[in-house]
Amino acid sequence: LRRRLTDEEKLREQLQDAFRKACPEVDQERGLEVYGVSICYNYRDVWNQIDAMKDRFMERVEVDLQNQYANLEISKQVSGENASIEGFVGVEQTSAGSQETMELQVAEDRKQAKAWFDEDSPEKLSS
């Protein structure tokens with residue numbers, strides 16, 4: 001298989017054809033079918049970027065959870081229930097430092113990730 005073959009459907013078809021040619025008796029008896037494939041990407045050259053993106057993603061998840069919890073607690077306060085928001089990470093405590101910077105990081109991370117998987121990109125990851 002080619003290292004730059006990262007189209008899952010084409011890869012599935014190629015593997016199915018190869019299995020059918022290698023085991024025609026099994027295909028005739030039971031109807032051999034490849035249901036799906038999983039591609040492993042070689043990201044050795046960009047692992048530090050991916051780790052940084054992963055860390056930023058986790059920070060965003062924590063901030064989103066904090067915001068959802070805060071909204072729930074505000075609802076409880078309005079209804080007269082006890083509320084407390086302690087131990088959560090606010091956006092100002094993240095590497096971004098502000099909501100605006102976090103949103104810019106999200107856009108940059110998405111742009112970079114798309115480049116790694118775009119067939120026409122010189123930055124495309126190999127499988």
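**Entry 1: ground rules**

I start with burial: a residue is buried under 20% relative accessible area, exposed over 50%, and partly exposed in between, with a 1.4 Å probe and protein chains only. Lysine 124 has 6% relative accessibility, so I write it down as buried.

The model is predicted, so I note that local features need pLDDT of at least 70 and side-chain atom pairs count only at pLDDT 80 or more, while totals for chains, interfaces and linings use all residues. Residues are numbered from 1 along each chain as its sequence is written, and side-chain values use heavy atoms, with hydrogens and water left out.

**Entry 2: the whole chain**

I looked up the helices and strands, which are DSSP runs numbered from the N terminus (helices: H or I, at least four residues; strands: E, at least two). I found 4 helices and 0 strands. Along the sequence the pattern reads α-α-α-α.

Next I checked burial across the chain. Of its 127 residues, 23% count as buried. The accessible surface is about 9600 Å² (Shrake-Rupley method, 1.4 Å probe; for residues, only the protein chains shown count as cover). Carbon and sulfur atoms hold 49% of that surface.

Then I looked at contacts, meaning heavy atoms within 4.5 Å. I took contacts between residues at least 6 apart in sequence, and 55% of these join residues at least 24 apart.

**Entry 3: helix α1**

I checked the length of α1, which covers residues 8-22. The expected span is 1.5 Å times one less than the number of residues. For the 15 residues of α1 that gives 21 Å, and the end C-alpha atoms are 21 Å apart, which agrees.

Which residues of α1 are buried? I listed Leu11, Arg12 and Gln16. An α-helix has 3.6 residues a turn, so residues three or four places apart point the same way.

**Entry 4: the aromatic pair**

I searched the whole structure for aromatic pairs and got 1. The rule takes rings of Phe, Tyr and Trp (its six-membered ring) with centres within 6.5 Å; planes under 30 degrees apart are stacked, over 60 edge-to-face, and the rest tilted. The rings of tyrosine 41 and phenylalanine 117 have centres 5.0 Å apart and planes at 90°, so I call the pair edge-to-face.

Where do the two residues lie? Tyrosine 41 is in the loop between α2 (24-30) and α3 (47-78), and phenylalanine 117 is in helix α4 (residues 99-117). The pair therefore ties together parts 76 residues apart in sequence. Tyrosine 41 is partly exposed at 26% relative accessibility. Phenylalanine 117 is partly exposed at 43%.

**Entry 5: salt bridges**

I counted salt bridges next: a side-chain nitrogen of Lys or Arg within 4 Å of a carboxyl oxygen of Asp or Glu. The count is 5.

One of them joins arginine 56 and aspartate 109 at 2.7 Å, N to O. This pair links distant parts of the chain, with arginine 56 in helix α3 and aspartate 109 in helix α4, 53 residues apart. Both arginine 56 and aspartate 109 are buried. I also found Arg56, Arg60 and Asp109 linked in a network of salt bridges.

Arginine 60 is buried, with a relative accessible area of 16%. Leaving aside neighbours within four places in sequence, arginine 60 contacts Met102, Val106 and Asp109. Arginine 60 and valine 106 are 46 residues apart in sequence but 8.8 Å apart in space, C-alpha to C-alpha.

Another bridge joins aspartate 55 and lysine 54 at 3.1 Å, N to O. Aspartate 55 is partly exposed at 42%, and lysine 54 is partly exposed at 44%.

**Entry 6: back to lysine 124**

Lysine 124 sits in the segment after α4. Its salt bridge partner is glutamate 119, at 3.8 Å, N to O. Is glutamate 119 buried or partly exposed? I read 47% relative accessibility, so glutamate 119 is partly exposed, whereas lysine 124 is buried at 6%.

Not counting residues up to four places away in sequence, lysine 124 touches Arg4, Thr6, Ala115, Trp116, Phe117, Asp118 and Glu119.
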